[in-house]
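Open the model in your viewer and keep the selection panel at hand. The stops below say what to pick next and what is there.

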Amino acid sequence: MARIHCSVSNCHYWKNGNICDASEIMVTSDSVGNTMPDSFDAPKASTAPETPVNSCMETCCKTFVASNSQAVQADRVYRK
Ligand code: SF4
């Protein structure tokens, strides 16, 4: 996977240097991020509906999970 730069330092997958250390991520629309459960993430992305948006302000990283969250294992994404 291409290197993903990310400054969201309280994410479980963040590491020093503002690097995302997740095995894969899913970027999607805010509407999907707001409505789909934690289990809906990158491993299911190939079957997700297309979600066009008008600007970066309408997108989110669905893979984000707080570093101290019990939902870390909900989606089959792992630290590399
Ligand atoms: S999973 Fe998303 S929010 Fe978390 S470090 Fe990676 S890109 Fe950033």
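**Stop one: the ligand shell**

Sorted by class, the shell around the ligand holds 8 nonpolar residues, 1 polar residue and no charged ones. For these classes, Ala, Val, Leu, Ile, Met, Phe, Trp, Tyr, Cys and Pro count as nonpolar, Asp, Glu, Lys and Arg as charged, and the others, Gly among them, as polar. This is a predicted model: local features need pLDDT of at least 70, side-chain atom pairs count only at pLDDT 80 or more, and totals for chains, interfaces and linings use all residues. Residues are numbered from 1 along each chain as its sequence is written, and side-chain values use heavy atoms, with hydrogens and water left out.

Which residues are around the ligand? Select Cys6, Cys11, Tyr13, Trp14, Cys20, Ile25, Cys61, Thr63 and Phe64. Each has a heavy atom within 4 Å of the ligand.

Now show the surface. The ligand takes up the space of the largest pocket. A pocket here is an open set of points on a 1 Å grid over the protein atoms alone, where a 1.4 Å probe fits, with protein on both sides within 12 Å along at least five of seven lines. A molecule sits in a pocket if more than half of its atoms lie within 2 Å of its grid points.

**Stop two: the cysteines**

How many disulfides does the structure hold? The count is 0, with a disulfide taken as a pair of cysteine sulfur atoms within 2.5 Å. Pick Cys60, which is in no disulfide: the nearest cysteine sulfur, that of Cys61, is 7.2 Å away. Cys60 counts as partly exposed because its relative accessibility is 22%. The cut-offs: buried is under 20% relative accessible area, exposed is over 50%, and partly exposed is in between (1.4 Å probe, protein chains only). Cys61, one of the residues around the ligand, is also on the list of partly exposed residues, at 36%.

**Stop three: the whole chain**

Zoom out and colour by secondary structure. The protein has 1 helix and 4 strands. Along the sequence they follow the pattern β-β-β-α-β. Helices (H or I, at least four residues) and strands (E, at least two) are DSSP runs, numbered from the N terminus.

Next, the dimensions. The C-alpha trace spans about 30 × 25 × 20 Å along its principal axes. The radius of gyration is 12 Å, which agrees with the value near 12 Å for a compact globule of 80 residues. That radius is taken over C-alpha atoms, and the globule rule is 2.2 Å times the number of residues to the power 0.38. Of the 80 residues, 28% count as buried.

**Stop four: positive phi**

Most residues other than glycine have a negative phi. Select Asn18. Its phi is positive, about 60 degrees, although Asn18 is not a glycine. Asn18 is in the loop between strand S1 (14-15) and strand S2 (19-20). With 33% relative accessibility, Asn18 counts as partly exposed.

Move on to Arg76, a residue other than glycine with a positive phi near 70 degrees. Arg76 is in the segment after strand S4 (59-61). Its relative accessibility is 61%, so Arg76 counts as exposed. Arg76 and Pro43 are 33 residues apart in sequence and 6.9 Å apart in space, C-alpha to C-alpha.

**Stop five: the chain ends and Ala71**

Go to Met1, in the segment before S1. Met1 is exposed, at 54% relative accessible area. From Met1 to Ser23 is 22 residues in sequence and 7.9 Å in space, C-alpha to C-alpha.

Jump to Lys80, in the segment after S4. Lys80 is exposed, at 57%. Lys80 and Pro49 are 31 residues apart in sequence and 27 Å apart in space, C-alpha to C-alpha.

Finish at Ala71. Is Ala71 buried or exposed? Ala71 is buried, with a relative accessible area of 19%. Ala71 is found in the segment after S4. Its C-alpha atom and that of Ser9, 62 residues apart along the chain, are separated by 17 Å.

Conventions: 1 Å grid on protein atoms, 1.4 Å probe; cavity = no way out; pocket = protein on both sides within 12 Å on 5 of 7 lines; lining within 4 Å.
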